[in-house]
Structures are given as structure tokens and as C-alpha cells.
Amino acid sequence: MADKTVFTPDMKFVRELREAGADTMKKCYQCATCSVVCPLSPDDKPFPRKEMVMAQWGLKDELVKSADIWLCHNCNDCSKYCPRGAKPGDVLSILRKSVIQENAFPKFMGKIAGDPKNIWQALAIPVVLYIIVLAVTGHLGIPEGEVVFSKFFPVHYIDQIFVPLSALAVLMFAISISRFWKNLGGSSEMKPKAAFLPSFIETLKEIMTHAKFRKCDESKDRAVAHMLVFYGFIGLAITTAWAVFNLYVLQWESPYPANDPDIVALFGGSETVPMIIRVVFKIFANISAVALLAGGGLVIANRLKERGVETVTSTFDWVFAGMVLLVGATGMLAQMFRVLDFATIAYLTYFMHLVFVFYIIIYIPYSKLAHFVYRTVAITYTKMLQRDVEM
Ligand code: SF4
Ligand code: SF4
């Protein structure tokens, strides 16, 4: 007798998907047009038709093990051609969010930071934390005189908050990703045919060039927006690493006591540091911030353009796009108000900037940014299996 496969539908999961915006999945009648038009779907077991029926049936256990939902780049070519308006591109996007929450460690953080309904609680955590730190250290108030951000919130207090919390976030993320990797391993009867490292390098090349993004017909503009945000973040991460290295490892002293120590620390403050290096990092940081802002703006513009046609943008995506813009905008405005010597508004904007930076960095294992790591892992795994991915 043939082996029977028993599926256990999870109706709570179906309800959650529908509440998150995937209600259109019920319209799918399995015609497979979406899998045919998808430019990224492999010939072997193509997506997203099968994921649509799995979502309709509430097969959560199968979906959390799926690498395929991460091969989708949300271009929405499939949604454009779906004869039923079932919006498969959006359904896959919501499934990815659910997988992040499912693998999140600890789970309650996945719920707080991953659910847009909790955005105020998520933002309240850094606000309360900062106020406590400022109150305890006697910095709660607007400093007199020239606007210097470190007089308001000393850099070493910021580091003492961010360094341990970032390390904790990395640890939580590593646990979440190891769960995901284990799930992927249990998802397929196929044994990996390629080694991890070459598959990983191949994946990184693909991601750096956004090769897959550019295969989509429907929303090619997204590749540019995504690239700007992607490289903006990388640029700012490099600049921050430089600041930390400069401050704590090289311990260069500032030759500019009258200048803003934040800026001096950020761009290299020692006479031993050649001016050219300071200038290069300054330019690099500003270009990265502009790329982030421009990319965030383009993401929002593209989503507004798409709205109501073949796709809906989930609140989760809106929140992330909004946060990217807010980080860039408050950072630049804080600098501008400082130069103009508008003390109160400069310090308040800087405070808000730190709140949004906290949201982006510390909640990274549960946010839209986590997609980057989940997707990298899933594509690497797929390459190890050497599935027939359409090129
Ligand atoms: S999502 Fe649309 S195109 Fe895809 S199988 Fe269902 S009805 Fe057909
Ligand atoms: S959104 Fe684009 S990549 Fe994703 S399944 Fe649809 S067509 Fe394929």
C-alpha cells in the first residue's frame, strides 16, 4: 500500500494570514498562471501556485520549512496576470513575515517587533530606556551653549546601550536563523549536492548585483530603490564600524575640542589621521545617508504607484519603509539644526534619530531587514540542492 501523507491544517494560521492582508488567497483556483509567468520560479516544483494552496489549507508546518517563498523577490508579475485577483505576490510576502515570526527567538519579541500593531510599544522601549539613562546620568535637559550632541547624550552612554544590545540582537538572530536552517534541512528529501561555501559565495554575488530583481518585468524600478537602500545601509554600517574602531581601538584624540565630538569621533579626529581619510569617510557617510533616503523615498513612491492595482503593501512593509526614511531624515535634520544652532529642536531631532536607529538595529532579527538574511540562507540552501532554478 502506498504511504499516506497526512496534513494537519492550522486554522489559526489561516486566520492570522487573512488578518495580515492575505485574504485574497481564498480566490485562488489553482490555474497555475502565476507559476508560469514568474521569472524566478524553477522548473522543478515551481512557485507560487503550490504555496497558494498550502496557505489556503493552513499548512503552516510545510510553509515554515519552504525555501521557495524566499526565492520570490516580490516583483508581482504573477499578481498582474492572476485571473482571479488572488495577489500571489502579496500572499508570499505575508508568508515570509509569518516565517520570520515563527522562527523568532524569543517568540514574544517576534510578536512585539514584527507586528506593526505594536509599533508604539516597540518605539516606547528605546524612549523609556534613553530617558532613564539621561535622568540617572544627570543629562535630562537641553544643554546650554553651542549645540554639541555629546553634551546632551554622551557617546559612551550611547555605546554602552547599543554595543551590548546589538550583541544580544546578533545572538537572538543567530538562534532564529539556526532554527530556520534546521527547518529547511527537514523540508526536502533531496540531499545537498554542493558544498556550503561555494553556494554561499554564489548567492552573495547574486544579491550584490541584484541579478534576480532585474529579471522581473512588472516593477523594475524596485531594483534601483532596493539597491539604494541596500548599499546605503552597508555604507552606514561601514562608517559606524569606522567610528567604533577609531574611538575604542585606535583611541585617537580630537584635535578639535570646539567641534562636535560626535562628528570628530565619526570621521576620525586625530592629527595622526590624514585629512584625506577624514574627508573620504565624511563624504562616504553622507553619500550613504543620501542613498538610504533616496532609496526609502523611491520604495514609498513605488508602493504608492502600485497601490490598489495588482498589489497591496502590508503594514509591515510600510512601517519598515517609513523607518528607513525617518532614520535618514532625522539624522540629516539633526545635523542641519545643529549647524543653524536651533538647540532645542536639534537635540529633540537627535533624540528621535536615536529612537529610530534603535528600532532598525536592535529589532533587526524580527523586522523586514531580517528578510535579507533569511533570503540569503534560503538561496544558499537551494543552490546546495542544485535545484533547477530558471536563469
Ligand atoms: S494565484 Fe491566481 S494565477 Fe496563481 S494559481 Fe491561483 S488563481 Fe491561478
Ligand atoms: S512576486 Fe514575482 S518573483 Fe514572486 S512569485 Fe510572483 S512573479 Fe515570482
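**Note on helix packing in a predicted model**

1. Helix H11 (residues 196-209) meets H17 through Phe 196, Ser 199, Phe 200, Glu 202, Thr 203, Leu 204, Glu 206 and Ile 207. On the H17 side the partners are Phe 372, Thr 376, Ile 379, Thr 380, Lys 383 and Met 384. Contact here means heavy atoms within 4.5 Å. The residues of this H11 and H17 contact split into seven nonpolar, four polar and three charged. In that scheme Ala, Val, Leu, Ile, Met, Phe, Trp, Tyr, Cys and Pro count as nonpolar, Asp, Glu, Lys and Arg as charged, and the others, Gly among them, as polar.

2. Residues are numbered from 1 along each chain as its sequence is written, chains are lettered from A and ligands numbered from 1 in the order in which they are written, and side-chain values use heavy atoms, with hydrogens and water left out.

3. Geometry of H11 and H17. The two helices pack at an angle of about 130 degrees, with their axes 8 Å apart. H11 is therefore oblique to H17. Angles under 35 degrees count as roughly parallel, over 145 as roughly antiparallel, 65 to 115 as roughly perpendicular and the rest as oblique. Axes are lines fitted to C-alpha atoms, for helices over the stretch in contact, and angles run from 0 to 180 degrees between N-to-C directions.

4. From H6 come Arg 96, Lys 97, Ile 100 and Asn 103; from H17, Ala 370, His 371, Tyr 374 and Arg 375. The residues of this contact are three nonpolar, two polar and three charged.

5. H6 (residues 88-103) has a further partner in H10 (residues 155-185): their axes come within 8 Å and cross at roughly 110 degrees. H6 and H10 are therefore roughly perpendicular. H6 passes H10 in a right-handed crossing. Val 99, Glu 102 and Asn 103 of H6 touch Ser 176, Arg 179, Phe 180 and Asn 183 of H10. Two of the contact residues are nonpolar, three polar and two charged.

6. The fold as a whole has 17 helices and zero strands. Helices (H or I, at least four residues) and strands (E, at least two) are DSSP runs, numbered from the N terminus. Of the 391 residues, 48% count as buried. Among contacts between residues at least 6 apart in sequence, 74% join residues at least 24 apart.

7. Two residues deserve a look. Cys 82 sits in the loop between H5 (77-81) and H6. Cys 82 is buried, at 16% relative accessible area (buried is under 20%, exposed over 50%, partly exposed in between; 1.4 Å probe, protein chains only). Cys 28 is 54 residues from Cys 82 in sequence, and 8.5 Å from Cys 82, C-alpha to C-alpha. Tyr 231 lies in H12 (residues 221-250). At 34% relative accessibility, Tyr 231 is partly exposed. Its C-alpha is 9.8 Å from that of Ala 289, 58 residues away along the chain.

8. An unreviewed UniProt entry lists several "transmembrane region" spans, including residues 161-181 and 343-366. UniProt positions follow the numbering used here, feature names are shortened, and annotations may be inferred rather than shown by experiment. Residues 161-181 are 100% helix and 0% strand, with end C-alpha atoms 30 Å apart. Residues 343-366 are 83% helix and 0% strand, with end C-alpha atoms 35 Å apart.

Conventions: This is a predicted model: local features need pLDDT of at least 70, side-chain atom pairs count only at pLDDT 80 or more; totals for chains, interfaces and linings use all residues. A crossing is left-handed if the near helix is turned anticlockwise from the far one by less than a right angle, and right-handed if clockwise.
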